Amino acid sequence: MHCCSHIILLFGQAICTVGDNCYRAVTFLKEGMLVWILFLLCQVGAPALAQDLCQRDAPNGYKVRISLKTALGEDAYEWNQSEMFFFQATMAFAMRRHFQMETYNVDNIILCVQTSRVSFWFVVTSPDNTTMLIPKADVEKAVRMSRHRINNAFLLSDRTLEFLGIYPTLAATVNPDTPPWLIVFGVVIGAVCAGIIALLVSSLLQKRRKEKGMTEDGQDEEDMQVKGVENGINLDGTYNRGFTDDDRFTKL
Amino acid sequence: MEDSKVGEERPKWNNKTEYLLTCIGFAVGVGNVWRFPYLCQIYGGGAFLIPYLIALVFQGLPLLYLELAIGQRLRMGSIGVWNSISPYLGGVGVASMVVSFCVSLFYNTIVAWVLWYLFNSFQEPLPWSQCPLNHNNTGYVEECVESTPVNYFWYRQTLNITPNMETSGSLQWWMVVSLATAWSIVYICFIRGIETIGKAVYITATFPYLVLTIFLVRALTLPGAYEGLIYLFTPDWEILKNPQVWLDAATQIFFSLSVAFGGLISFSSYNSQKNNCERDAVLVGVINSATSIYASIPIFAILGFKAHTNYVTCLNGNILALTNEFDISDMNITVENYEQWFDSLNGTHPSRVSDLNLKTCDLQTFLDQSASGTGLAFIVFTEAVISMPGSQVWAVLFFIMLFSLGLSSMFGNLEGILTPLHDLKLVPKWMPNELFTAIICLLSFLMALIFCLGSGNYWLEIFNSHVGSVPLLIIAFFEIIAVAHIYGIGRFSDDLEFMTGHRPNIFWKVCWLVISPLMLFVVLVAYVVAQAQTHHTYAAWNPDYVNFPDTEVLPYPDWVFAICVLLSSVPVISIPLVAIYRLVCCMSGRHSEDRLHNDPNPYANEVQSQKHVPVPIA
């Protein structure tokens, strides 16, 4: 819009510098009409100019797709003109951040073809020459650099704020030094080995104790036999020693 | 027999509970969770229960009662028992032992896989929920993108499977490590024989029921659970006319009860003789079937949830495509009004709609994607678990449950190897039991390393379908013929009266004499015929296949086919061999002194113990 006022001002200045002694009453009327016609032309012309730059499938433009309800559910805000302005401001910020020398403004971001999806196309014009578009590759670099900031500005994510043609970089998977499964395995096998050793040692000790007990209780075994206790069961009758193969008595 | 040392008794169970839990744990295995629900699904839901229960009553329970009874009466492992009943049928015991050994090789490999998944469940996010990045971080690994992350984790990161059986690949070290853990855990439970097993089964036999109940409660609150359950249990009575259903029901009962392994005979041989084994048999059989039915409820609720999730994802993909193409406001098309929108858009812009290549999303198709075996546990179920909130907890619980089920079945398998070897007195006197068990576990671990190769899964499938099937049927057939006809129903009834206090009723006698042998014979013949006709191909995972991610169907190479035939026949070859050997020995004179007693009379047990009764002094 400000280009129109520039043109009118310049034209007005041009008219008045012709002669200070111009017949102000008549020329004033003529000037007014001219200004009014120029104003109308500007209103129609400037957007038409911008419209040529931004259109569906523009060679240097990107389509943006926003899924508010998918991302935010009930907390979704309404997408209106203010949000569009915010988008322009965010993109201008992204361009400034990438090309640090040049001062991009909200007017440099031109939006068009808005649908209720919500989706729209945008192109970026150069701050020095508003008819020149910034090439696609540079816009992509700027978007990639500030993607995280842009997402957060709108409370969205890579999936719900899509720049069609600019693929999000894949998150690098966290690779710990020791795989977690090895840790669990180590714990389990350590416990099992400790258990095996403990059980084997206790069996060994038990056996040693039993052997020691048996040599000491050798007498008791025989007494038990005499009393007629076999395998822990009391049997009736007395054991007849005459039928034993008994080494206790010395051989003749 | 115990006539060697006066002081050395046969080990016995601490209490009846330990014995029952061990038998139940042996019978209830991973098959109850991943085979029975699948059969229920493909054979018309509730209608499958009819052939299943008939097979249980007329085939399963008689066999179970028979094994527990002869083990308890003769107080020996499988080899000793069959030698006692008839020396010519001693080969049945040897066959049982060989089959137990082969089955324990591949069964513990499955337990090792479960352990691997268990170790990997302690991560956030779960490793099978997303594809890994490729080398230069530009995208995801291609094999993973073309199939699914779950498939990729199973076939590549777990098995590292080769494209066919001829390519053996190399030993996968992480699999070797998991297998070593599995065998170590089995060893520590076996260290002191049934003393330690009896303690371990308190956990391994009861924990699966706890987890199944937790899953039941969780699964019933998930969306899509009711569709899954209705799909499972809706009976299709027409299916009963298909003889394949009856065959599968009989084989399922047979393999589910873990008879003919010799493990049950060993377990019951540690009982005192005056134990009511009839009640034990009925209890174990009924609990085994009840567990199968109980397990299928949460499994199918979760499968229904998975189908529902896939259906919603499919629809959402279509909705997004339509929304983007026609620039409709976000979330205007929902799952509920999708049909109306689709019809109206298709009516106005048919060409644009057809260009989108929308997928047809049908809930029934997703429900029909059934799987059994390792496919159910490691692919389908893991995919369902990702969508559940708190996935790590559910994954850990599920894999601990599978581990307990597998471990308690391994007890029976290993017992079927160790007890006959002890009874055959093949163990040198100087070797303590712990060392002998360690040697057997180490040998089995080393032999099972073939399943840790790249082509290991293909070999496991071969072992599973050839060792764990026809030989068992043959052994069971000879068992029942031996007891019912060679040993004699009369003598057997006397034994049962001695043990339980009453003679077996007419139902048992008719089953043992006629019905069960007949059913077994029919099942055996039908199974062999079915095997001979169909299984000459296997499904290979080949990323270079044209139709990848479908598996490539390849024929078995000739040498592999020869191995299959060997695996089916070598275990049972001992039956005729031993019979011939005994015949030859008998023909050449009755002077052969073999280590086993010459007298086939099982009452020799009491006759010899009489020698130690003290003579009263006159």
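This is a predicted model: local features need pLDDT of at least 70, side-chain atom pairs count only at pLDDT 80 or more; totals for chains, interfaces and linings use all residues.
Residues are numbered from 1 along each chain as its sequence is written, and chains are lettered from A in the order in which they are written. Local features were considered at pLDDT of at least 70 and side-chain atom pairs at pLDDT 80 or more, whereas totals for chains, interfaces and linings use all residues, and side-chain values use heavy atoms, with hydrogens and water left out.

The secondary structure of chain A comprises eight helices and six strands, where helices (H or I, at least four residues) and strands (E, at least two) are DSSP runs numbered from the N terminus. From the N terminus on, these elements follow the order α-α-β-α-α-β-β-α-α-β-α-α-β-β. Of the 252 residues in chain A, 28% are buried, with buried denoting under 20% relative accessible area, exposed over 50%, and partly exposed the range in between (1.4 Å probe, protein chains only). Among the contacts of chain A with a separation of 6 or more, 60% involve residues 24 or more positions apart, a contact being defined by heavy atoms within 4.5 Å.

In chain B, an unreviewed UniProt entry lists B:Gly25, B:Ala27, B:Val28, B:Asn32, B:Ser256, B:Asn288, B:Leu405 and B:Ser409 under "binding site". These residues span 385 residues in sequence, yet no two of their C-alpha atoms are more than 12.4 Å apart, so they gather at one spot. UniProt positions are given in the numbering used here, feature names are shortened, and such annotations may be inferred rather than shown by experiment. B:Leu405 is located in helix 20 (residues 391-423) and is buried, with a relative accessible area of 4%. Apart from neighbours within four places in sequence, B:Leu405 contacts B:Gly25, B:Val28, B:Gly29, B:Val30, B:Val33 and B:Pro208. B:Ser409, which also belongs to helix 20, is buried at 4% relative accessibility, and its contacts beyond four places in sequence are with B:Gly25, B:Phe26, B:Val28, B:Gly29 and B:Tyr107. A polar atom of the B:Ser409 side chain lies 3.4 Å from the backbone oxygen of B:Phe26.

Helix 5 of chain B (residues 78-85) is largely enclosed by the rest of the structure, because eight of its eight residues are buried. The cover over these buried residues includes helix 4 (49-74), helix 6 (90-120), helix 14 (263-269), helix 20, helix 23 (470-500) and helix 25 (558-587) of chain B.

B:Ser469 occupies the loop between helix 22 (456-466) and helix 23 of chain B and is buried, with a relative accessible area of 2%. Although B:Ser469 and B:Phe255 are 214 residues apart along the chain, their C-alpha atoms are separated by 7.7 Å. Leaving aside neighbours within four places in sequence, the contacts of B:Ser469 are with B:Phe255, B:Asn464, B:Tyr527 and B:Gln531. The backbone oxygen of B:Ser465 lies 2.7 Å from a polar atom of the B:Ser469 side chain.

B:Thr374, in helix 19 (residues 374-387) of chain B, is likewise buried, with a relative accessible area of 14%. Beyond four places in sequence, B:Thr374 touches B:Trp34, B:Trp113, B:Trp154 and B:Ile379.

How values were computed: A polar contact is a pair of N or O atoms within 3.5 Å; within protein, one must be able to donate a hydrogen and the other to accept it, and residues adjacent in sequence count only if both atoms are side-chain atoms.
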